[in-house]
Amino acid sequence: MIAEAGLAALWLAAALAALQLALSLGAGGEQGRAIATVRAVAIGQGLLTAIAFAALILLFLRSDMSVLLVAENSHSQKPWLYKFAGAWGNHEGSMLLWVMVLALAGAVLALLERRLDERTLGASLGAQAALALGFFAFLLIASNPFERLSPAPIDGRGLNPLLQDPGLAFHPPTLYLGYVGLSVAFSIAVGGLIRRQVGPAIARAMRPWVLAAWIMLTLGITAGSYWAYYELGWGGWWFWDPVENASLMPWLAATALLHSVNVLAARGGLRAWTMMLALVAFSMSMVGTFLVRSGILTSVHAFAVDPTRGSFILALLTLYIGGALTLFALRIVDVKEGAQFDPVSREGGLVANNLLLSVILGIVFVGTLYPLIAEALSGEKLSVGPPYFNSVASPLALILAALMLIAPQLRWRRDAAPILPRLAPGMLVAIAALVASFILAPGIGLLPRLGLALGAGLLPASVQPLFGRSLRRTPLAVWGMALAHLGVAVAILGMASDSAFTRERLVAARPGDTVAVGPWLVEFRQVMPAAGANWTALEAELRASRGSGVTVLKPQSRFFPEPPTTTNEAAIDTSWNGQLYAVLGERDEQGRWQLRLWWKPFVTLIWLGGMLIALGGALALLGRLVRERRQRRNVEEAFA
Amino acid sequence: MSRAVRFVPLLVLLLFVGFVTWRLLVPNDEKIRSRLTGQPVPAFTLAPATGGIAGLSSKDLASGRPRLLNVFASWCVPCIAEAPLLDELKRSGVHIDAIAVRDRPEDVAAFLANHGNPFERIGSDPESRVQLSLGSSGVPESFIVDGKGIIRYQHMGPIEPGDLPAIRREWEAAK
Amino acid sequence: MKRWLLILALLAAPALADSDLPAARYANEQLPDPRQEAAAKALMEELRCLVCQGQSIADSDAELAGDMRAMVRQRIAAGEKPEVVRAWLVSRYGDWVSYRPPVEPMTWPLWAAPLLLLGIGAFLLRHRFRRRG
């Protein structure tokens, strides 16, 4: 019953999407009435999709094995959190989540957007409906989450143990809010191009969506990185894996778009680039969804491999991105650029920022696809992995970091005043850190060394825009920018520190042995059996100390029966200056246990930095929304 | 933005779609083939994998006549399915040697007792070293080596009935 | 009871395509010389696991990956240069086994991409700026 209701809600929502598209194409009546109808239809579509999603959640929570998806991906003995999150731990469920966010985003746009003129909003809602329609079709025709299974099995196949983690509850929904939130920026850009309205008003309408989506993407990627770090058991936090790259590419585009949209909103410049980035950002989301679900790229994170479904998504992609880029090419000639600006100016810095981010995006795109391209052209298989991406993208990222030391201190339009005094704090700290690194850590590589120096320099430089201002009257958006840039500095310091100072010990030890790793002495006490809700395990007891105090770590080798899998549960001790990371391996024939130990100084700064970046974005978003509310109220009062 | 440049993103999209469509039409063959086909067998000497049968060295594979080299293990489940077919090949005149990867002598003996022994020599490769040296990436795999010790053909995975004609053909060609 | 659980846990670990032999020497043990270990580790992070879904041999629990690690460490301990070991593996498995793509005509676009893209970007922006008066 619930499944059929969910499916019916989905069909209705799809029908409403078709209606919304038809209405905005002008099939409605008089203009004023049509927009109200379009708004209502969009809201209805969002609500119905949410109902369908709720139905799926309910089916999983109740472990209804007569539904194929539940039987294949769930088990009645799972903890309720993984029944709930397991709803999107598979292709169909996660696709439904994707489509729900798409429909709800359109609904919120319809509900709240007051800045755009009605015809542009109509065109944007039409674009959003067109997007939704294609993905509804994909869901209903090729990925139905509500398919029945008859006869219903007694119990399900269970959820992959690697996914039975709080990370599953957080990482996909956050990421999807990000990916699909960018669809509104895409639709607004399309609407603007159709109506030839590509000015500051469009930018102001787009900006909160870009900010919100970007915040979610930042959080989602940060969470995914940390989840992989503690789950996979080798202490790595980024591998340039195709699925990871698929999430990074929209983020890079969204970051560039974020900066670009501010220039367009404030100064009327960078019109063509902003529109292009708005189209590219969601295009990257769609390309990412395609890459991850079609199985054309091999990945340790791949959760769906289906070339038939892949072809469907490819067709949608080609239609949407092709259509949008054609529209761009045809309409962009009509767009008059804003006033020119001097290279040494805030705009100049932002243009350089956009350029570097776009180049990094291009490199990640080309590198991810290159094995495919090379094989198509020559028949030879090759691999493109961290050695390529690290050696090519890291220098560019460091140049970007250096730019961040300079550009936020520049004035708009033309900066003729002496720059060096303003750059002094950042530059001096960077140089001091560089010198210190040569003295204290002569053996580390060049890239980590530059990362430490630039990260340190960025610490004062990112908060510098707050100096010399009345802090109470500084707009929240400026606080947000400072905090976000500070987050970048912190993250760079964490990455450089991890790269330069990590200490690794791999040993075969007997209970009673002591192993040294970095400043720690780790005593291996014993291995005991342990059990949990749906697993059994062998658990090692390790007592680690450095100077005073003892920390106990208990890494486990965990076995799940349903489906049968063994996982490593790393034991991590977090202190103010780093993490001690321990993994229990196998026992050899002489009774020694394999232990893997890492001391990772300041590694947590990586994810702390990510959270600060997201927090900075949230402040900026709040600031904009509050300011607009105040402005609107001022206008209303003025005319009251 | 100049006339031509604004169509470049569209061109990039078309290239992307083109390459990706190729991949959808020509699915990825995940097998990693050995690059040593057409090259001499790398030098190696392996101790006997179990009692009562000789070990294997690369010189034994350059005997003047072609030989089939089977890379297997007692813990390899598809090797069990392959065993009768190796017997059939042996009966039809194919000389077969083997490398047992990561195996104990008693387990190899048990495997041969249960599933037959078509091998003239079996070398023990406890750390997969010779397997890596041959460019083999799993068990079971079979190589046809000609009389001069040149690897002529690699078959990946278990030999199935449908593969026999191809193997016989390659065997004849290696003579 | 505890012992029984221990045995159960040990037996219950699935061994679908795994041998009974323990890991090779130096598959999971570091070399005593830190410089050699650093060189070996750097190489292992760039070699692709033959039986995994996209992992380096440094990050994989697969048996064959362990044997490859053992081979890398043993050969570097014996004095071989990392590039020789890499070339040996590439001669067996092709460029696929190295995560660092080769620099050859087929991959020139890949390695030239950063400068190329920067150049294209700068070219597109050439009219954007007002000349300094």
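Student: How do you know whether the radius of gyration of chain A agrees with that of a compact globule?

Tutor: Keep in mind that this is a predicted model. The rule is 2.2 Å times the number of residues to the power 0.38. For 640 residues that gives a radius near 26 Å, and chain A has 26 Å, so the value agrees with a compact globule. Along the principal axes, its C-alpha atoms fill a box of roughly 85 × 75 × 60 Å.

Student: What makes up the secondary structure of chain A?

Tutor: There are 17 helices and 10 strands in chain A.

Student: Why are β2(A) and β3(A) called paired?

Tutor: Pairing takes at least two bridges. β2 (residues 514-517) and β3 (residues 520-531) of chain A are joined by 4 bridges, so they pair, and they run antiparallel. A:Thr514, for instance, stands opposite A:Glu523. The two strands form a hairpin with 2 residues between them, and A:Gly518 in the turn has a positive phi of about 60°.

Student: What share of chain A is buried?

Tutor: Buried residues make up 55% of the 640. To be counted, a residue needs 20 or more other C-beta atoms within 10 Å of its own.

Student: Which residues touch the most other members of the largest nonpolar core?

Tutor: That core has 206 residues, and those touching the most other members include A:Ala185, A:Val210 and A:Leu257. Helix α8 (residues 200-232) of chain A gives the largest share, 19 residues. Apart from this core lies another one, of 36 residues, with B:Leu46 and B:Cys76 among them.

Student: What is A:Leu257 in contact with, leaving aside neighbours within four places in sequence?

Tutor: Its partners are A:Ala185, A:Val210, A:Thr274, A:Leu277, A:Ala278 and A:Ala281. A contact means C-beta atoms within 7 Å, so each of these pairs meets that cut-off.

Student: How many residues of chain A are in contact with chain C, and which element gives the most?

Tutor: 49 residues of chain A are in contact with 39 of chain C. On the chain A side, α12(A) gives the most, with 12 residues. By class, that side has 27 nonpolar, 15 polar and 7 charged residues.

Student: And what makes up the side of chain B that touches chain A?

Tutor: Here 14 residues of chain B are in contact with 19 of chain A. The chain B side has 11 nonpolar, 1 polar and 2 charged residues.

Terms used:
Residues numbered from 1 in each chain as written. Chains lettered and ligands numbered in written order. Predicted model: local features only at pLDDT ≥ 70, side-chain atom pairs only at ≥ 80, totals over all residues. Contact = placed C-beta atoms within 7 Å. Nonpolar A, V, L, I, M, F, W, Y, C, P; charged D, E, K, R; others polar. Core = buried A, V, L, I, M, F, W, Y, C linked by C-beta atoms within 7 Å. Buried ≥ 20, exposed ≤ 12 C-beta atoms within 10 Å, placed from the backbone.
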